[in-house]
Amino acid sequence: MHDGKQLLQALDSLWEKYQKRLTDCHQRANEEAVHKLRTGTRRFLALIELLQALAPNASLKKLRKNLKKQLDAFDDLRDTQVMLLEVSASQAFLPELRPFWTHLQRREHDLLLETPANLAEINLEKLESRIIQAKQQLASDLGKHSLKSAILAVIDEVYQVVLSRYQTIDVAHSSTIHRTRIAVKKLRYLLESGESLLPPLPVQHLENLQAYLTRMGEIQDSSVLLLHLKTFYGQELPLSVQTHYQHRHSSLLNAFMLQR
């Protein structure tokens, strides 16, 4: 089997998984289902971006645009559900959070009411048509030569972005960690996409990358929560709440800087 055929089979596999995640979200758009849909979409996007780098294709470009728009549509719901999980667990020792918890519940309810409309906007027939069109062109373009060196070149470019953003990390600005996280996430998904065609990675390499991403993700979630707390309470943010979550945020930052 030539390299291009393996990548096209991977495209088919991710497309099937994406559709399953979408069906699960239609049935129940809870935190787990939304998270799995977003993760599946990102994996799908990573392979599409790899294919687009190897053999530029108009259908792939449109497909990428569609999927990125879908990801953005679930940002607020995902953030709200993650905050709800955290705040629900903290209410026992921080009863001052009750009004914010009620606010988040209402927000989640409103966003869930919007979810069917957001899901309905996802036109699977159009997406599938673009995949079919792309595969017809890719079958020809990708079958002409070995792709290993080309895939490694694409991954090298992404890794250079990771290194560049890593060098700009500033503990005083957690947004710099978030920018690095986005680049590392893309690197991880690219490595997964091309894994079958690449030299073997070190043992547990992908698992270590995921652990690294998890630490950075916790910092981002903490930043989002602090921002929403300050927006909701304004000048009346309870000192106990501010102290708890600021200390938690600082601990996450310090642990990351020690382990990064």
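Author: Let us begin with Ala92, which is exposed with a relative accessible area of 78%, where exposed means over 50%, buried under 20% and partly exposed in between, for a 1.4 Å probe and protein chains only. This is a predicted model, in which local features need pLDDT of at least 70 and side-chain atom pairs count only at pLDDT 80 or more, while totals for chains, interfaces and linings use all residues. Residues are numbered from 1 along each chain as its sequence is written, and side-chain values use heavy atoms, with hydrogens and water left out.

Reader: Where is the place of Ala92?

Author: Ala92 belongs to the loop between helix 4 and helix 5; helices (H or I, at least four residues) and strands (E, at least two) are DSSP runs, numbered from the N terminus. The C-alpha atom of Ala92 is separated by 37 Å from that of Leu206, and these two residues are 114 apart along the chain.

Reader: And Phe74, buried or exposed?

Author: Phe74 counts as buried, at 4% relative accessibility, and its place is in the loop between helix 3 (58-73) and helix 4. Not counting residues up to four places away in sequence, Phe74 touches Val34, Leu37, Arg38, Thr115, Asn118 and Leu119, with contact taken as heavy atoms within 4.5 Å.

Reader: Arg38 is on that list, so what does Arg38 touch?

Author: Leaving out residues up to four places away in sequence, Arg38 touches Leu71, Phe74, Asp75 and Arg78. Arg38 sits in helix 2 and counts as buried at 12% relative accessibility.

Reader: Switching to rings: how many aromatic pairs are there?

Author: The count comes to seven aromatic pairs, where rings of Phe, Tyr and Trp (its six-membered ring) pair if their centres lie within 6.5 Å, and planes under 30 degrees apart count as stacked, over 60 as edge-to-face and the rest as tilted. One of them is formed by Tyr18 and Phe44, a tilted pair at 5.7 Å centre to centre with 35 degrees between the planes. Tyr18 lies in helix 1 (residues 3-27) and Phe44 in helix 2 (residues 31-54), so this pair ties together parts that are 26 residues apart in sequence. Both Tyr18 and Phe44 are buried.

Reader: Which parts does the pair of Tyr212 and Phe256 link?

Author: Tyr212 and Phe256 form a tilted pair, at 5.6 Å centre to centre and 45 degrees between the planes. The pair links distant parts of the chain, with Tyr212 in helix 9 (residues 205-233) and Phe256 in helix 10 (residues 239-259), 44 residues apart. Tyr212 and Phe256 are both buried.

Reader: Back to Tyr18, which residues is Tyr18 in contact with?

Author: Leaving aside neighbours within four places in sequence, Tyr18 is in contact with Leu37, Thr41, Phe44, Leu67, Gln70, Ile122, Leu124 and Leu127. Tyr18 also forms one aromatic cluster with Trp15 and Phe44.

Reader: Which residues touch the most other members of the largest nonpolar core?

Author: Leu7, Tyr18, Phe44 and Ile151 do, in a core of 57 residues; such a core is a set of buried Ala, Val, Leu, Ile, Met, Phe, Trp, Tyr and Cys residues joined through side-chain atoms within 4.5 Å. Helix 2 gives the most to this core, with 10 residues. A second, separate core of 16 residues includes Met83, Trp101, Leu225 and Leu229.

Reader: What about helix 5, where does it bend?

Author: Helix 5 bends by about 30 degrees at Glu114, and Pro116 follows within four residues; the bend is the angle between axes fitted to the seven residues ending there and the seven starting there. Among the buried residues of helix 5 are Phe100, Trp101, Leu104 and Leu111, and the buried residues of this helix pack against helix 1, helix 4 (75-90) and helix 9.

Reader: Zooming out, how many helices and strands does the chain have?

Author: The secondary structure comes to 10 helices and zero strands, and the C-alpha atoms fill a box of roughly 65 × 45 × 25 Å, taken along the principal axes. Of the 260 residues in the chain, buried ones make up 42%. Among contacts in the chain with a separation of 6 or more, residues 24 or more positions apart account for 76%.
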